[in-house]
Amino acid sequence: IFLAVQILFNHSFRSYKPKYLLLKKKLEEEFPSLLNINGEGTQEVTGFFEVMIAGKLVHSKKAGHGFMDFSDKYLHIVAEIKAALGK
């Protein structure tokens, strides 16, 4: 069983792709063989870094959550994944 994780990120000017790849790597290490992580880069400048777990928006840079750093924001995503997995 794979849990769907979708990440929409700004891919034009000042691409957030490195931030996406880092988050993907950390989540795959934290939840080996449990996640299906898909990233999509926007074609226009959007400022997006949106994380959805099983269709639920759990982090939105555009809505004011800021950049995904590896502190409380990362731990929030981990907690949401654990809840979705029933752990």
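**Stop 1: helix H1.** Select H1. It has 14 residues and spans 20 Å from its first C-alpha to its last, close to the 20 Å expected at 1.5 Å a residue. Keep in mind throughout that this is a predicted model.

Now show the side chains of Tyr20, Leu23 and Leu27. These residues of H1 are buried. They cover an arc of only 70° around the axis, which puts them on the same side of H1. What covers the buried residues of H1?

Is Lys26 buried, partly exposed or exposed? At 32% relative accessibility, Lys26 counts as partly exposed, because buried would require a value under 20% and exposed one over 50%. Draw a distance from Lys26 to Tyr16. The two are ten residues apart along the chain, and their C-alpha atoms are separated by 16 Å.

**Stop 2: the nonpolar core.** Select Ile7, Leu27 and Phe49. The largest nonpolar core has 20 residues, and these three touch the most other members. Which elements give two or more residues to this core? They are strand S1 (3-10), helix H1 (17-30), strand S2 (35-42), strand S3 (49-53) and helix H3 (72-85). There is a general pattern to compare with: in soluble globular proteins, nonpolar side chains tend to be buried together.

Zoom in on Phe49. Set aside residues up to four places away in sequence. Phe49 then touches Ile7, Leu8, Phe9, Tyr16, Lys19, Tyr20, Leu23, His59, Ser60, Lys61 and Met68. Two names in that list, Tyr20 and Leu23, are buried residues of H1 from the previous stop.

**Stop 3: strand S1 and its partners.** Select S1. Six of its eight residues are buried, so S1 is largely enclosed by the rest of the structure.

S1 and S2 run parallel, joined by eight bridges. Find Asn10, which stands opposite Thr42 in S2.

How many bridges pair S1 with S3? There are five, and this pairing is antiparallel.

**Stop 4: Thr42.** Return to S2 and select Thr42, which is found in this strand. Thr42 counts as buried, at 11% relative accessibility. Which polar groups does its side chain meet? A polar atom of the Thr42 side chain lies 2.9 Å from the backbone oxygen of Glu44. The side chain of Thr42 also makes a polar contact with the side chain of Thr46, at 3.3 Å.

Now look further along the chain. Not counting residues up to four places away in sequence, Thr42 touches Leu8, Phe9, Asn10, His11, Ser12 and Phe48.

**Stop 5: two loops.** Select Ser33. It lies in the loop between H1 and S2. Ser33 has a positive phi of about 60° although it is not a glycine. Most residues other than glycine have a negative phi. Ser33 counts as exposed, at 62% relative accessibility.

Move to Ala54, in the loop between S3 and strand S4 (56-60). Here phi is near 50°, again a positive value in a residue other than glycine. Ala54 is exposed, with a relative accessible area of 55%.

**Stop 6: strand S4.** Select Val58, found in S4. Val58 is buried, with a relative accessible area of 6%. Leave aside neighbours within four places in sequence. Val58 is then in contact with Val51, Ile53, His65, His76, Ile77 and Glu80. Draw a distance to Glu80. Val58 and Glu80 are 22 residues apart in sequence and 7.4 Å apart in space, C-alpha to C-alpha.

Finish on His59, also in strand S4. Is His59 buried or exposed? It is buried, with a relative accessible area of 3%. A polar atom of the His59 side chain lies 3.0 Å from the backbone oxygen of Gly66.

Show what surrounds His59. Not counting residues up to four places away in sequence, His59 touches Phe49, Glu50, Val51, His65, Gly66, Phe67, Met68, Lys73 and Ile77. Phe49 leads back to Stop 2, where it was listed with Ile7 and Leu27 as touching the most other core members.

Definitions and conventions. Residues are numbered from 1 along each chain as its sequence is written. This is a predicted model: local features need pLDDT of at least 70, side-chain atom pairs count only at pLDDT 80 or more; totals for chains, interfaces and linings use all residues. Side-chain values use heavy atoms; hydrogens and water are left out. A nonpolar core is a set of buried Ala, Val, Leu, Ile, Met, Phe, Trp, Tyr and Cys residues joined through side-chain atoms within 4.5 Å. Buried means under 20% relative accessible area, exposed over 50%, partly exposed in between (1.4 Å probe, protein chains only). Helices (H or I, at least four residues) and strands (E, at least two) are DSSP runs, numbered from the N terminus. Contact means heavy atoms within 4.5 Å. A polar contact is a pair of N or O atoms within 3.5 Å; within protein, one must be able to donate a hydrogen and the other to accept it, and residues adjacent in sequence count only if both atoms are side-chain atoms. Two strands pair if DSSP finds at least two bridges between them. The expected span of a helix is 1.5 Å times one less than its number of residues. The arc is that of the directions from the helix axis to the C-beta atoms.
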